[in-house]
Amino acid sequence: MNIYLILLEGNLIGYFIMVESSPLVDNQKRIMSRQSLGLLSAGTMERMLTIVGGGLSGSEAAWQAAERGICVNLYEMRPGKNTGAHESADLAELVCSNSLGSNLVDRASGLLKEELRLLNSLLIKCADQVAIPAGGALAVDRKEFSEVVTETIELHPNINLIRQEVEEIPNLPAIIASGPLTSQSLSRAIEIISGSGHLFFFDAIAPIVSFESINLEIAFRGSRYGRGTTEQGDYINCPMDKHQYDELVKALNTAERIKLKEFDRFQEGGRGVIAGMREYFEGCLPVEVLAQRDEKTLAYGPLRPVGLTNPHSGKRPYAVVQLRQDNLAGSMYNMVGFQTNLKFSEQKRIFRMIPGLENADFLRYGQMHRNTFIYSPDLLESTMQFKKKSGLFFAGQITGIEGYAGNIASGLLAGINATRFISGAPLLSFPQETMIGALCHYISNASAADYQPMKANFGILPALQVKSKLNKRQRYTEYAERSLMVMQAYIEEKDILGQSNHKSD
Ligand SMILES: Cc1cc2nc3c(=O)[nH]c(=O)nc-3n(C[C@H](O)[C@H](O)[C@H](O)COP(=O)(O)OP(=O)(O)OC[C@H]3O[C@@H](n4cnc5c(N)ncnc54)[C@H](O)[C@@H]3O)c2cc1C
């Protein structure tokens with residue numbers, strides 16, 4: 001990369017970048033906006049960062065880096081090229097719900113937002129500014145929200161917003177924050193650097209329930225034919241008699257499904273799943289599609305009871321829903337074979353019909369939709385840096401973090417760490433006791449072979465060291481207090497806010 005300075009009477013008034021054989025060739029002679037010119041100095045020349053994607057994570061990352069004195073080129077392909085889901089040209093558009101989730105600190109999403117407030121997140125500040133009444137949730141006027149983010153980014157003297165699609169991995173340092181609907185060319189480029197089998201195009205997610213909400217007086221531990229790796233059995237099994245099974249199938253057949261969007265039916269490069277009727281990838285058919293095929297399909301498929309005896313009754317059940325441990329701490333269990341496209345409220349209603357799950361606490365609902373994401377456990381550090389390339393960072397949904405607030409959080413960390421990379425400072429990895437740290441740790445260390453995206457939840461935090469028995473609400477309050485205390489101490493120890501212009505006020 002060559003940087004050419006533009007001098008007027010000996011004073012630096014601008015520059016342009018020549019990037020050899022770069023995908024950004026059309027942009028090579030771009031001159032920084034007038035706002036930026038006043039700030040340029042020889043020192044800032046080396047302090048440049050490219051960010052791809054002006055969504056939730058990219059906008060947060062850009063602002064965090066810019067506030068720390070980095071000149072940011074933020075590429076956003078809209079409105080020239082759209083994703084199919086976004087409707088405006090604004091940055092940080094909320095594509096679906098206008099709620100950023102709970103604002104209550106003893107809820108996982110509320111805790112995450114409180115941590116983001118401590119870290120001086122731009123997007124949470126904007127959301128707070130345009131919040132509308134929504135009980136305990138942080139809901140916003142979506143138009144005002146993205147407008148205020150766009151205006152703040154556009155006016156930032158260190159950010160240069162470029163409306164252009166990036167088709168290849170840009171020169172480093174860079175952050176890829178192109179989201180679940182990353183354009184096709186860039187997806188291909190990401191697949192090349194990630195290695196084959198490390199980029200996915202669809203979620204086929206089964207729900208996850210918390211261990212503590214499973215009724216073990218009905219469900220039982222065990223592996224088929226006793227062939228598990230642990231003595232007690234690797235699975236928790238929810239046994240069903242014929243009547244219970246028939247009722248479940250009936251409910252699945254009449255349940256309300258999430259309506260598929262056009263882009264959900266689009267098959268990238270001939271791979272992945274087309275999530276339309278009768279066009280699913282056979283290996284991950286939604287449970288409701290299997291139920292519809294024939295009344296016995298589930299009983300002969302994922303719910304087959306072979307090799308299992310119910311120790312409570314001494315009999316073989318008619319059908320069994322198996323739950324597989326999903327995290328090392330054993331606090332989360334995945335419903336095997338239950339990937340689904342049902343509405344979340346329907347999942348709660350119907351899956352609670354399964355014996356042993358009548359009070360199930362759903363840490364994640366099942367989903368099937370287009371979602372480009374990398375296999376982060378192999379590819380990313382918990383700093384959001386790509387393992388194989390120093391100076392390349394990923395942020396947002398493309399890392400496998402779910403949820404608006406989670407994506408903002410990963411953008412914030414990537415923006416701070418890209419700045420530290422440029423300054424030669426050690427990268428930060430937030431403590432695992434914090435919700436942000438736990439999320440970044442989960443995606444970079446998940447042990448599950450069938451890695452799927454994850455949102456903030458208390459199951460990913462390390463267990464509390466408390467002697468007395470606490471109920472769920474008390475435990476969540478304890479988690480929240482610990483997280484905020486650890487986060488505050490970490491912010492002070494690493495002087496995280498001291499590195500930005502605007503300390504938290
Ligand atoms: C249909 C749909 C509904 C959703 N609903 C919800 C919901 O209700 N709640 C929730 O929490 N999450 C929801 N999500 C997930 C949601 O996308 C994320 O929570 C959040 O928007 C992700 O932030 P991000 O920054 O990773 O991606 P985005 O916010 O999508 O931002 C990525 C940006 O990158 C741009 N881009 C893509 N490719 C390129 C390229 N090659 N060059 C330049 N720019 C590029 C895109 O135009 C986009 O602006 C939904 C996702 C989809 C697809």
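Biologist: Is the crossing in which α4 passes α15 left-handed or right-handed?

Modeller: α4 passes α15 in a right-handed crossing, a term for a near helix turned clockwise from the far one by less than a right angle (left-handed if anticlockwise). This is a predicted model, in which local features need pLDDT of at least 70 and side-chain atom pairs count only at pLDDT 80 or more, whereas totals for chains, interfaces and linings use all residues. Residues are numbered from 1 along each chain as its sequence is written.

Biologist: Why are α4 and α15 called roughly parallel to each other?

Modeller: Helix α4 (residues 108-118) and helix α15 (residues 472-493) pack at an angle of about 20 degrees, their axes being 10 Å apart. Angles under 35 degrees count as roughly parallel, over 145 as roughly antiparallel, 65 to 115 as roughly perpendicular and the rest as oblique, and α4 and α15 are therefore roughly parallel. L111, E114, E115 and L118 of α4 make the contact with A480, S483, L484, M487, Q488 and I491 of α15, where contact requires C-beta atoms, placed from the backbone, within 7 Å.

Biologist: What makes α5 and α6 oblique to each other?

Modeller: The axes of α5 (residues 122-129) and α6 (residues 142-155) cross at roughly 135 degrees and come within 9 Å, an angle that runs from 0 to 180 degrees between N-to-C directions. The two helices, α5 and α6, are therefore oblique. In this contact, L122, L123, C126, A127 and Q129 of α5 meet F145, V148, V149 and T152 of α6.

Biologist: How do you know which strands stand at the edges of the sheet?

Modeller: The open sheet of five strands is ordered β8-β4-β3-β9-β18, with parallel pairing, and strands pair if DSSP finds at least two bridges between them. β8 (159-162) and β18 (392-394) each have a single partner strand, so one side of each lacks a neighbour in the sheet, and both stand at the edges.

Biologist: How do you know that strand β4 and β8 pair?

Modeller: β4 (residues 71-75) and β8 pair in the parallel sense over four bridges, against the required at least two. L161 in β8 is the bridge partner of L74.

Biologist: Which helix gives the most to the shell around the ligand?

Modeller: α3 does, with three residues; α3 (56-67) and α13 (404-423) each supply at least two, helices being DSSP runs (H or I) of at least four residues and strands (E) of at least two. In total 33 residues surround the ligand, the closest being G53, G55, C96, G179 and G396, where a residue is near if its C-beta atom, placed from the backbone, lies within 6 Å.

How values were computed
Two residues are in contact if their C-beta atoms, placed from the backbone, lie within 7 Å.
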